[in-house]
Amino acid sequence: MRTKETSYTAIHWFKGLLIALLLGFTSALSAQDQPAEMSDGDTAPTTAANDSLMSQIEISLITCEPHNMIYALYGHTGIRIHNLQTGEDLLANWGIFDQKQSFFVVRFAFGLTDYRMEIETWEGFVDRYNYFNCGIYEQVLDLTAQEKRNIINAVFENYLPENRYYRYNFYYDNCTTRARDIIEKGLEGKLDYREMKEFTPTYRELIHLWNGNHLWARWGNDFLLGVGSDKATDYRQQQFLPDNLKRDFHRALISRNGEARPLVKNEFWATPSQYNYGGSSLLDQFTRPDAVAVYLIFIALAITLLEKYRLKRRLWQFDAFLLLLSGIPGLILLLMIFSQHPTVRINLQILVFNPLSLFFAWRIINNFRKGKDCGLTLILEFCFSVALLVNIWQTFAEGVIGLALVLFYRFMSSYGLKENEKK
């Protein structure tokens with residue numbers, strides 16, 4: 001059995017060999033871009049030889065199906081560079097991140113996470129996605145020799161250590177938009193996506209198409225995403241999702257000198273499609289967020305009836321639970337105001353998940369234990385009622401409106417109940 005040190009050395013030896021191969025490949029391209037000197041002092045063009053080399057190279061947009069890891073619910077994109085003559089087969093990947101990075105979750109939430117670009121073997125990339133049972137779709141691009149050179153040079157320029165890292169943003173700068181931009185800038189003609197102008201979903205609606213089988217992951221997204229995610233998108237903004245870019249590449253034309261050609265000359269499943277587009281399980285349906293909110297509503301009604309007709313006193317412990325339930329998540333939303341992600345800064349759900357619930361909790365519960373009303377609840381009641389109105393501007397996470405109704409009902413109702421009724 002190999003030791004960790006041996007495995008570590010082997011991995012770095014392989015990466016070093018791969019980088020040397022890439023540098024040699026780009027050096028060959030650069031050398032062929034220069035005129036060759038002849039014995040009589042004249043120069044001979046090498047364009048024909050260079051174009052012949054380029055004809056053996058295929059460049060493809062690669063789109064991977066999602067899998068169940070939270071970071072892969074929306075698929076993945078890369079660029080494949082395949083030399084049919086030599087067999088060199090590489091994948092440019094802009095989706096690499098380090099989960100062991102200090103305070104990774106915090107940095108990610110605040111938009112301070114740096115992703116990096118890596119170049120790996122096509123075989124290794126396919127093996128990894130086969131492990132997760134994800135199909136890989138390939139769109140071979142119809143490019144001129146010069147366009148291929150442009151893209152290859154741009155990829156390897158991006159791979160330089162000083163260019164490899166970038167500040168990740170899920171909507172605006174991710175693995176898919178990076179691949180798109182590299183390809184677009186390498187084209188010599190004008191790219192026409194022939195967009196569907198009538199299709200203008202919001203960012204939130206777009207990601208809902210992909211996280212429907214992961215209801216609590218969807219809830220977490222909707223909890224953190226603010227008003228900015230409910231804005232309508234155009235075709236280019238929709239291309240942050242791998243499947244949308246694949247769709248647009250399928251329709252796109254390259255126009256130059258009055259002529260147009262399809263961007264994609266051939267497309268197929270490089271590995272079979274295996275993604276399960278089916279619904280969630282029966283257990284998931286009973287534990288989904290909106291179902292939990294319904295349970296909470298019935299529990300609140302049952303406790304209120306129990307207080308009024310049997311106990312004759314208020315169960316302040318339930319109110320304390322509700323204040324914590326709404327207040328603790330509110331601290332997260334309060335901190336999100338300082339995030340670098342523009343779509344999470346203004347989040348109207350803070351009216352329900354309200355940090356004031358924590359700040360007022362001691363005073364409110366102390367009064368409830370003594371059988372007294374507390375004027376601070378009026379502030380919270382106002383916030384909850386406003387939340388019910390502003391829901392028309394922002395789509396709240398499932399069940400949040402139900403929670404707002406429970407909170408409003410509990411603090412609005414006054415039954416004259418005491419912790420210990422005196423006779």
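Leaving aside neighbours within four places in sequence, with which residues is Ser 255 in contact? Contact is taken as heavy atoms within 4.5 Å, and by this criterion Ser 255 touches Gly 189, Lys 190 and Ala 260. The structure is a predicted model, in which local features need pLDDT of at least 70 and side-chain atom pairs count only at pLDDT 80 or more, while totals for chains, interfaces and linings use all residues. Residues are numbered from 1 along each chain as its sequence is written, and side-chain values use heavy atoms, with hydrogens and water left out.

Ser 255 lies in strand β10. Lys 190 is 65 residues away from Ser 255 along the chain, yet their C-alpha atoms are separated by 5.0 Å. Ser 255 counts as partly exposed because its relative accessibility is 30%; buried means under 20% relative accessible area, exposed over 50%, and partly exposed in between (1.4 Å probe, protein chains only).

For the protein, 15 helices and 12 strands were assigned. These are DSSP runs numbered from the N terminus, with helices (H or I) of at least four residues and strands (E) of at least two. Of the 423 residues in the protein, 45% are buried. Among contacts between residues at least 6 apart in sequence, 76% join residues at least 24 apart.

Most residues other than glycine have a negative phi. With a relative accessibility of 47%, Asn 133 counts as partly exposed. At 72% relative accessibility, Asn 257 counts as exposed.

Helix packing was examined next. Two packed helices are described by the angle between their axes and the distance between the axes. Axes are lines fitted to C-alpha atoms, for helices over the stretch in contact, and angles run from 0 to 180 degrees between N-to-C directions. Helix α11 (residues 289–311) packs against α12 at an angle of about 150°, with the axes 12 Å apart. Therefore α11 is roughly antiparallel to α12; angles over 145 degrees count as roughly antiparallel, under 35 as roughly parallel, 65 to 115 as roughly perpendicular and the rest as oblique. The contact involves Leu 296, Ile 299, Ala 300 and Ile 303 of α11, together with Phe 318, Phe 321, Leu 322 and Leu 325 of α12. By class, this contact has 8 nonpolar, no polar and no charged residues. Here Ala, Val, Leu, Ile, Met, Phe, Trp, Tyr, Cys and Pro count as nonpolar, Asp, Glu, Lys and Arg as charged, and the others, Gly among them, as polar.

Helix α12 (residues 316–336) has 21 residues and reaches 31 Å from its first C-alpha to its last, close to the expected 30 Å. The expected span is 1.5 Å times one less than the number of residues. Among the buried residues of α12 are Phe 318 and Leu 322, both of which take part in the contact with α11.

Helices α5 (residues 145–158) and α6 (residues 175–186) pack at an angle of about 140°, with axes 8 Å apart. The angle therefore makes α5 oblique to α6. Residues of α5 in the contact include Glu 147, Asn 150 and Ile 151, and α6 contributes Ile 182, Ile 183 and Gly 186. By class, the contact of α5 with α6 has 5 nonpolar, 3 polar and 1 charged residues.
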